[in-house]
Amino acid sequence: MAQINPSILSADFARLAEEAKAVRGADWLHVDVMDNHFVPNLTLGIPVVESLSRATGTPLDCHLMIESPDRWAPQYVEAGAGSVTFHAEAAAAPVRLAREIRAKGARASMALKPATPVEPYEDLLPELDMLLVMTVEPGFGGQAFLDIMLPKIRRTRELINKHGLELWLQVDGGVSESTIERCAEAGADVFVAGSAVYGAEDPVQAVRTLREQADR
Ligand code: DX5
Ligand code: ZN
């Protein structure tokens, strides 16, 4: 079954705990960490993740859009993240980092910006629990879905199947009722949705609808 991870980037940051609880039925809560260096935007860091993990029963899926993830990612596991995603473009030693995240007890995940191909990372896939194919340029919520990423999602699914891996394939950016079916058809199984969930009148229903469409 498809997993739906609402992104709190589109939530009201002054009411984070309530907003986290407002998406009952979601599989994970997607937490976008931005440092204004790797991406041109600044969001939140470790203290907020610690508070969020105490405030919600939903596990946290932390997406680190930061430089030096080798140094910071393990600290997000300690802060309570159940899954930590670092960017391939930023990691100095992705294999060592993935192993460290796993050793600390979280799921290890790696993200690829739109212009980063998956093929050079084929041999690393067994070290990961999830691969994130970005479907917008990272940095902001509410951007239009990049259709040109569909072939990459498809090729990534083929690599996962070829090696018989359990790896989850996540997509993030512009995922909505009008794009989720194409992502699912291409082989994604974990869907991040920010504006499509928090911009909806009923976020719980939005999660349900997205899941139904992905599973169709
Ligand atoms: C963008 C973030 C996304 C963002 C998605 O850089 O990584 O997680 O919150 O927002 P939507 O779903 O509105 O495109
Ligand atoms: Zn994200």
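Author: A residue is called buried if 20 or more other C-beta atoms, placed from the backbone, lie within 10 Å of its own, exposed if 12 or fewer do, and partly exposed in between. The model is predicted, with local features needing pLDDT of at least 70 and side-chain atom pairs counting only at pLDDT 80 or more, while totals for chains, interfaces and linings use all residues. Residues are numbered from 1 along each chain as its sequence is written, and chains are lettered from A and ligands numbered from 1 in the order in which they are written.

Around ligand 1 there are 22 residues, counted when the C-beta atom lies within 6 Å of the ligand; S7, L9, G141, G194 and S195 are the closest. Two or more residues each come from β2 (29-34), β8 (190-193) and α7 (195-198), where helices (H or I, at least four residues) and strands (E, at least two) are DSSP runs numbered from the N terminus.

An unreviewed UniProt entry lists a "binding site" that includes S7, H63, F140, G141, D172, G194 and S195; such annotations may be inferred rather than shown by experiment. Of these, F140 sits in the loop between β6 (130-134) and α5 (150-162) and is partly exposed because it has 15 C-beta neighbours inside 10 Å. D172 belongs to strand β7 (residues 168-172) and, with 25 such neighbours inside 10 Å, is therefore buried. Beyond four places in sequence, D172 is in contact (C-beta atoms, placed from the backbone, within 7 Å) with H63, L132, M134, T135 and V192.

Note on methods
Two residues are in contact if their C-beta atoms, placed from the backbone, lie within 7 Å.
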